[in-house]
Amino acid sequence: MTTHALWSHSLAERLEMLKSGTTRVAYIAPKPEYGTFRYRCFNPVDAINRYSTALSASYFFYSDLLTLDNLADYADILVVSRCPHDAPLDRLYRRFRNQGKRVFFDIDDLVFDTRYATLVASNLGYLLEEEELNQWTAFISNIGSALQASDGVLTTNAYLAERISETTSLPVFVVPNTFNDAQRKASDDALASGELQEQGLHLGYFSGSQSHSLDFAIVARQVAAFLEESPHSRLTIVGHLEVPAEFARFGNRIATRPFMDFLSMQTVLRGIDLNIVPLQDSPFTWSKSELKYFEAALVETPTLASRTPVFQAAIDPGVTGYLADSSEWIEALRHIESQGSNELRKIGKQARAAVLGTYSPEALAGMLDGILGKQK
Amino acid sequence: MFAPRGWLKRPVARRIYRTIASSDLFDAHWYRSTQVSGPSALMDPIWHYLDHGASLGLDPSPRFDTSHYVHAHHDVRSSGLNPLFHYLEYGKAERRSPLRSVLRTRDVLLPETAELETFTSPQTPSPRVTLVTDSRSEIEHSLTLAEIVDSGQKFAQKRARTLRVIAWPGSGDLSNTALPGVSVIEARRSYPAPTFDIHADELFVSTSSTSALSIRHIAPQSHLWKLTSGKTTSHQPWKSPPSLTDLPPQESSLAREHRTPSAGRRPLVSEGRGKTVMVFADALANPVNYVVALEELDHLFLDNTFLADQWNVTVVGQGVEPLMLADEVPVTSADHISRTKIAGIDVAIMTTPDPQVEAWCRELGVPVVAEISGSAISSALLKGRP
């Protein structure tokens, strides 16, 4: 999915967002989409324009470069989101440099380092051979080149920041993914609905991309075993995941929903008791952000996640959510069920209070003020 | 109307056909009357566009420019998909424009001003000067290409640099000139455009008003020089960026050959909303004024978001083609206009004098802007606004 009412501004409207008297930040992405573009371009732009007094920001796409002669005439700082190095990007860097302006590169996973090319491909479930593997590696190499050509790097977590620092002496800043104002409003609305199950657990698995079938596979057997022994529990799967065959025996206790708009998703998240986030244990998943945790927490739904460095840093176990190693999932599910709905509700409320402070647009604007506000 | 029997039995073909048929970007009547002639006009127009038209660069309606879409997007070229189908299925959601921007219109009408396509490369041990020549270099300086290159070589030697010459077609002849140590690239204009490596500390010398525009963004201004000639030939650093208005306005040799195949005359298709500004041009004989006026309109629409809801823009004349202003305002085109249609215009911009149109405008009380540079166009469109 690409288009959304939130990022449908005309080019003139987007240029108008860059205000004189502020440090003007232009974010550029290859094209609009629901994933990286939303978290790494739209959300920062929206947060800056609502809550920063020092900065103003706007978002652009490669297609805009066919109309704008010189984006550097409108902005003081360029933030390039995960674009591979190519001729249009080379020209864009040069235009900013010619005017003595700085360029930052924003990256939210390991696709900048060819050493991880095959690892990332296998974690995504890609079977790449010969020409496809060459193209994949070249793509990663070009992202790495664009990163190296910048003046500084923004990334989503400390693990990725360490990996980036292994390849460059550029300054690296951690700017976590966050929710946006519209998502907070949708969550506030959703909070008015949704009651926890009296018996058993209503589990929810939200698949962001095709890669997640491998993530779900690591706990599928344990989740199925839990559903077997807890006859009132059920599972809702949202997104791309194909329901594994072993779940067929549970009939209508397994529900599937198609990939949906991220604002509508908050209502679905509110309707479940426990958000489950299993992840493979590899550098690729360690580089993933904690977005599934804070999006569920916004509607007071607790998360049980794999014990990766990012979730360990984000979740206080037993206070704002739950963590489990891959062999511990059935025990964790039994424990959470035995605690009862009051405990789940308490954890959910504590999680919401925690993420409203840490992952809010206000926090994001403050962080970017500190990083980009000093760069003009 | 006919198409090969059984063609639409293929599911993929049926899907493509239906997608295009249900889109308002395919205008069967317009396609048949302006893009095809002879027996082709009897064919099913959508089938004709899919099977022949797109590959010939024909447009399905005034709102979709096939050749622009193919040239601007390498993935469309390599996919082999019909460009209109690609736009409807993917490009629209990815915010790609169905029409050429003003910037690209300038590149097409004034190819010698198009930005030099470059990649920054790691620094080599020997610093370099790049001299860019084109069809205006000899004319503007009354020098031969050999003399221009010779002066460039002296400029480079004085700074202990090597010299590279990028010579576009029409630059002149160097075949009988010995140029030891000089690297000469006889560049050819092509799609995709040829790409040149450049270095961070490289100096660039423009030798004409057009080549100056082509290098205006490729280096900091302190690295940009220009050839000047009078009693003596010398090189001067740029004091300010070059502008389109530096070009001779009536220079028809700057214009490219008219590309679009057109079977008949293209009449005006009115968009019918808001006020109408009509730009009259001969884009082939006088491309500079036309592009200057378009750039002025582009900036106006980019800087004033409300204009998009208030004004329609139409271009009329020889060599004009549909385009998009400010990435959201489609501009329709026609190659002629009748007196009746003049009555519906709110402002006429004359980038090329047309006594007949100007007489009609006077008669019908239509305001005419004949001064292209400056603020006349802005004043006309922003009239009454603080």
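I count two residues as in contact if their C-beta atoms, placed from the backbone, lie within 7 Å, and I keep in mind throughout that this is a predicted model.

**Entry 1, a helix pair in chain A.** With that criterion I looked up where α2(A) meets α15(A), and I found A:Asn43, A:Pro44, A:Asp46, A:Ala47, A:Ile48, A:Arg50 and A:Tyr51 on the α2(A) side, with A:Pro361, A:Glu362, A:Leu364, A:Ala365 and A:Leu368 on the α15(A) side. Sorting the residues of this contact by class, I get eight nonpolar, one polar and three charged. For the geometry I noted that α2, residues 36–51 of chain A, packs against α15, residues 361–372 of chain A, at an angle of about 85 degrees, with 8 Å between the axes. Angles of 65 to 115 degrees count as roughly perpendicular, and I therefore describe α2(A) and α15(A) as roughly perpendicular to each other.

**Entry 2, chain A against chain B.** I then turned to the contact between the chains, to which chain A gives 23 residues and chain B gives 24 residues. On the chain A side, the elements that supply two or more residues are α1 (11–16) and α3 (87–98), and the largest share, six residues, comes from α3(A). By class I record seven nonpolar, seven polar and nine charged residues on this side of chain A.

For chain B the domain assignment gives me domain 1 (7–98), domain 2 (111–246) and domain 3 (275–381). Taken over C-alpha atoms, the centres of domain 1 and domain 3 of chain B are separated by 28 Å. Their contact takes four residues from domain 1 and seven residues from domain 3, and I class those on the domain 1 side as one nonpolar, one polar and two charged.

Terms used: Residues numbered from 1 in each chain as written. Chains lettered and ligands numbered in written order. Predicted model: local features only at pLDDT ≥ 70, side-chain atom pairs only at ≥ 80, totals over all residues. Helix = DSSP H or I, 4+ residues; strand = E, 2+ residues; numbered from the N terminus. Nonpolar A, V, L, I, M, F, W, Y, C, P; charged D, E, K, R; others polar. Domains from an automatic or database assignment. Axes fitted to C-alpha atoms, helices over the stretch in contact; angles between N-to-C directions. Parallel < 35°, antiparallel > 145°, perpendicular 65-115°, else oblique.
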